[in-house]
Amino acid sequence: MNWLVIPIIVLVILTIAAAIYAVISKNLLYAVVSTGVVSLGLSMFFFILQAPDVALTEAAIGVALTTIIFIITIRNTTEIECCDEKKSKIDVKKGGEK
Amino acid sequence: MMKRFFIFLILAIVGYYIVDVVSQIPFGENRVNVGDYYLDKSPSELKVSNTVTAIVVNYRGFDTLGEVTVLFLAATGLASIMFRRKRKGEKDIRAKKASSRIIQIGSQILFPIIILLGAYVFIHGHLSPGGGFQGGVIIATASLLMLISYRKFKVNHSTISWIESIAGIVFVLLGVTGLILGKTFLENFLPTGELNNLLSGGIIGIIYVAVGFKVAAELTGLIDTLLLNNRPEANKEK
């Protein structure tokens, strides 16, 4: 077995874990940051799979710009994902703690 | 219950057909010849060592024009929704306190280096990985760094729209010149030079510089619009 496979496996696990966390997290800020981690892992994969052009684009757009635009949007709206409006106001006042 | 059942039914049908189609495509087999054509012709005819660039700007240049237009429309639409004059006593969304001295000096040092990297990426688009779009985004990231670390860093929107318009006009004019000379849109009409030289590839280098300027200006304006024009009614609820 080639030992170079191990960092790639770690990267795969990290990317998938970050993607799952982005879906299940109730705090939108954490979700956005973990989406950035997913993009970072993806750009590594693009580089490993010999697509450096796409890797550059993914690193610049996915990690930096999209994350920042989402963070700005979250600052303009609310931080906690919710369906119930009354519940959300209480949650926001408590600072996101349930 | 019924609704959920239908959702699963539709998902199952869609999934069945996707699997049915994908399973008939042999994995890793070359089914079209156009890739070989590009790999063969782009170093010998166009003298471009980065085949991706040759495809994006020359063979599929018309698509690139469409993409640039989409980005332009997105930036314009966002600006038209978000941009408005500030009323009295209104503050922007950036932090009330100035950021720390370490961040300020660090971003001062990093700003020209990131701009240089972006310029390198789009000037060398036909030689190394990258191109106009990537370089432009890198430059926009540099201005984002300054925007979040300095409260007084201002972006001049009229300058930005001038840069954007001139770069877009250069792109379209280069494309139309190909048509006027009796070739196709964005066909190369300049001497191609030698492979792996900076001045090679004909019009590809010029187009990538134009695209780089355009993307950098658009995204900088977009971030600046988003950062400085918040909606006060959304903040009141907090």
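Residues are numbered from 1 along each chain as its sequence is written, and chains are lettered from A in the order in which they are written. Because the model is predicted, local features need pLDDT of at least 70 and side-chain atom pairs count only at pLDDT 80 or more, while totals for chains, interfaces and linings use all residues.

Chain B contains nine helices and zero strands; helices (H or I, at least four residues) and strands (E, at least two) are DSSP runs, numbered from the N terminus. Of the 238 residues in chain B, 30% are buried. A residue is buried if 20 or more other C-beta atoms lie within 10 Å of its own, exposed if 12 or fewer, and partly exposed in between, with C-beta atoms placed from the backbone. Two residues are in contact if these C-beta atoms lie within 7 Å. Among the contacts in chain B with a separation of 6 or more, 72% join residues 24 or more positions apart.

Helix H3 of chain B spans residues 51-59, and its buried residues are Thr53(B), Ala54(B), Val56(B), Val57(B) and Asn58(B). These residues pack against helix H2 (34-44), helix H4 (61-82) and helix H8 (204-228) of chain B.

The largest nonpolar core has 43 residues. A nonpolar core is a set of buried Ala, Val, Leu, Ile, Met, Phe, Trp, Tyr and Cys residues joined through C-beta atoms within 7 Å. Ile207(B), Val211(B) and Ile223(B) touch the most other members of this core. At least two core residues come from each of H3 of chain A and H3, H4, helix H5 (101-123), helix H6 (132-149), helix H7 (157-180) and H8 of chain B. H8(B) gives the most, with 14 residues. Leaving aside neighbours within four places in sequence, Ile207(B) is in contact with Val57(B), Phe171(B) and Leu174(B).

Phe213(B) also lies in H8 of chain B. Phe213(B) counts as buried because it has 23 C-beta neighbours inside 10 Å. Not counting residues up to four places away in sequence, Phe213(B) touches Ile163(B) and Ala167(B). Phe213(B) and Ile166(B) are 47 residues apart in sequence, and their C-alpha atoms are 9.2 Å apart in space.

Between the chains, 15 residues of chain A are in contact with 20 residues of chain B. Helix H3 of chain A (residues 52-76) supplies the largest share of the chain A side, 13 residues. That side divides into ten nonpolar, three polar and two charged residues; here Ala, Val, Leu, Ile, Met, Phe, Trp, Tyr, Cys and Pro count as nonpolar, Asp, Glu, Lys and Arg as charged, and the others, Gly among them, as polar.

H3(A) has 25 residues and reaches 35 Å from its first C-alpha to its last, close to the expected 36 Å, which is 1.5 Å times one less than the number of residues. A kink of about 30 degrees is centred on Ile61(A), the bend being the angle between axes fitted to the seven residues ending there and the seven starting there. The buried residues of H3(A) include Asp53(A), Leu56(A), Glu58(A) and Ile68(A). Their cover includes helix H2 (28-48) of chain A together with H3, H6 and H8 of chain B.

Gln50(A) is found in the loop between H2 and H3 of chain A. Phi of Gln50(A) is near 60 degrees, a positive value in a residue other than glycine. Most residues other than glycine have a negative phi. Gln50(A) is exposed, because it has 8 other C-beta atoms within 10 Å.
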